[in-house]
Amino acid sequence: MRTEFRKFYRPGVLWALALLAAIAGTMITTSEAQAEYGDVVINNHSDAAGMRPVVFPHWFHRVRFRCKVCHADLGFKFKAGGNDINMVKIIDGQFCGSCHNGKVAWAVDSCDLCHSGKPGTPTQVHESTINLLVTPGALTPAPAAAGKR
Amino acid sequence: MRRTAFIIGLLLGLLSSAHAQTQELSGGRSIYDVQCLPCHGNGLLGAPRTGDAAAWAPRIAAGVNGLYANAIKGKGGMPPRGGNAVLTDTQVIAAVNHMLNLSAAKPAADVAKTTVAPVDAASGRKVYQASCAACHATGAAGAPKLGDSVAWTQRLNAGAGAMHTSALKGKGAMPPKGGNASLADADVRAAVDFMLAQARGGAATPAAVAPATAPATPSAPLSADGGKGRMVYQASCAACHSTGVAGAPKIGDSAAWTPRLKAGAGAMQVSALKGKGAMPPKGGNASLADADVRAAVDYIISQMRTGTAGADAGTSVPATAVASVTQSIPPAPVVAPGPAAQSSNDPNAFNRLMTPPSKRNAAPAEDGIHDPASPGTMLLQAPLASFTTLPRNNTGNYVDWGAALSKKQILPRWDVRDPKADATVMDLNIVREVKGSMPDVVFPHKQHTEWLDCSNCHPAIFIPQKGANQISMAAIMLGQKCGVCHGKVAFPVSECRLCHSRSKNAQPTGEVKR
């Protein structure tokens, strides 16, 4: 009787424990960030330059502009981090700089308003379907980087 | 040890920034000039004239606290806060003090001490914050902004001595000594030197730029569901109560709230309605209905209770810390170590993968992506402040963007420069017959061309030719084809029937099949 118990149920118990651990891990990582659907984190250069990554709120901009304005007229590709934006281009009036020039929206001297993300957060479209499919935890700030600033 | 040092550093940083903010904004004279002078300068609407000691004497005799209260709440022809609901209590009181000073009638000495920052002869920074920041922090009235090296360099060409003279005697819109005649000449020079040091060091202070407000939409009454308190909280309370700025007790910090709750929820609602300490009445949003404010207080209390249930002892602030905060003037911010308990960790939640209503549309400081330690995060608009009047749905931003656009509740521009340009809408439905038992997909060009240009999709994503596009749900979920937008900013794939919307048995109605 006892041997039978070991033979049939012990692997089951192990599997259940493993499953529980996996679920707990997923819950911990997914409960960390509750930002808006479509908020884009851009961290191409920020971490390396000692700045907080940029958080681009799609919702805020779509209240004011149709998709076409940025994605056709200003040349933003449909790819998070795929536009190779840097401050020189912005100051030159390209990309964000088309409006973030102190006339339509705040200028580049308001660093913290765009560079407001948690240090170490990877480039991503937050809450996107593809985020749900990648490894849990890969999209939240690395603990070491988060404590730096 | 490093962690302790980090927390102490964070605490000090918050302390200094919160302190700087309250002082920068509290220039009594500049507020008086804008808000009070139009009536009190001319005696309009029965306002007692500034400088008319006879008119002011009986009012002052009745107690300056009564005057402060009238200025804050309004009286007779005077609107609350002189008609500017954005002003804090401290700012209104500073303006009243300025008016009383001009009227040769001194407010009670103890009150003056608490509201007018005492001048420390040693520190140019303190003088700057008390007397210069009202204009020089924001660039009001043409004042060169602190840290704007371009603006300051031009002036510096004339020499620091000339700038000292300008500051002492006034220049352009700037009054002598920044309007504070009680300053010693040496203090004014120290403040000028401080500003020059900032200009040389480059921009050190973040510009206080408030995000552009949403297009004016009629403020529809909030739906009377349980989420109302939370909406009000996020729009009007979270800026301070999510992080503990200016001594505000943090939401979910049961140690900070428990002593307050002992006075009763009613007393807390009264504090929220009338203001308390650094907190302005209704959190500074005078347009809120009393019931909304009460709902927000109830929401905060409910968060404290869930926090108590879920948090272990290690996350709460020691009672001594709370006591010291309530006694100190001005209130010092308190930083609660450790995360607040998350209600989504409740193992008995209905669906742990679904974002619970209490977690939707979190304010920037609480959303897990923005860094609450960044000064900019506080200035960003909270999503709910924009969403309350928009039609809601069950996914994404929990906003029905298509309906919001078609009902003209949002007026997004079609051209970045031309506000009158409008979309060329193409009304053509494309039907895609799909495998299996799912209903066929109807692709409406109409809803897409309201937002997008043809070139956004054709030909890079979709070849405009029948049968040329292989589309699968797997590709969409991996961010290709429809998934370039759907699942990122447009509604996600969980909303099957919004695309798979036509029964296989339906009769064709002139649509194009692909």
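Read along the sequence, chain A of this predicted model runs α-β-β-α-α-α-α-β-α-α. That comes to 7 helices and 3 strands. Chain A has 149 residues, and 40% of them are buried. Among its contacts with a separation of 6 or more, 54% join residues 24 or more positions apart.

Helix H4(B) covers residues 64–73, and helix H5(B) covers residues 89–102. Their axes come within 9 Å and cross at roughly 120 degrees. The crossing is right-handed. The residues that make the contact are these:

| Helix | Residues in the contact |
|---|---|
| H4(B) | Val64(B), Leu67(B), Tyr68(B), Ala71(B), Ile72(B) |
| H5(B) | Asp89(B), Val92(B), Ile93(B), Val96(B), Asn97(B), Leu100(B) |

By class, this contact has 9 nonpolar, 1 polar and 1 charged residues.

Next comes the largest nonpolar core. It holds 20 residues. Tyr233(B) and Met268(B) touch the most other members. Four elements of chain B give two or more residues each: helix H11 (228–241), helix H12 (254–262), helix H13 (265–274) and helix H14 (290–310). H14(B) gives the most, with 7 residues.

What does Met268(B) touch, not counting residues up to four places away in sequence? The partners are Trp257(B), Arg260(B), Leu261(B), Val297(B) and Ile301(B).

Terms used:
Residues numbered from 1 in each chain as written. Chains lettered and ligands numbered in written order. Predicted model: local features only at pLDDT ≥ 70, side-chain atom pairs only at ≥ 80, totals over all residues. Heavy atoms only, no water. Axes fitted to C-alpha atoms, helices over the stretch in contact; angles between N-to-C directions. Left-handed = near helix turned anticlockwise from the far one by under 90°. Contact = heavy atoms within 4.5 Å. Nonpolar A, V, L, I, M, F, W, Y, C, P; charged D, E, K, R; others polar. Core = buried A, V, L, I, M, F, W, Y, C linked by side-chain atoms within 4.5 Å. Buried < 20%, exposed > 50% of the residue type's maximum accessible area, 1.4 Å probe, protein only.
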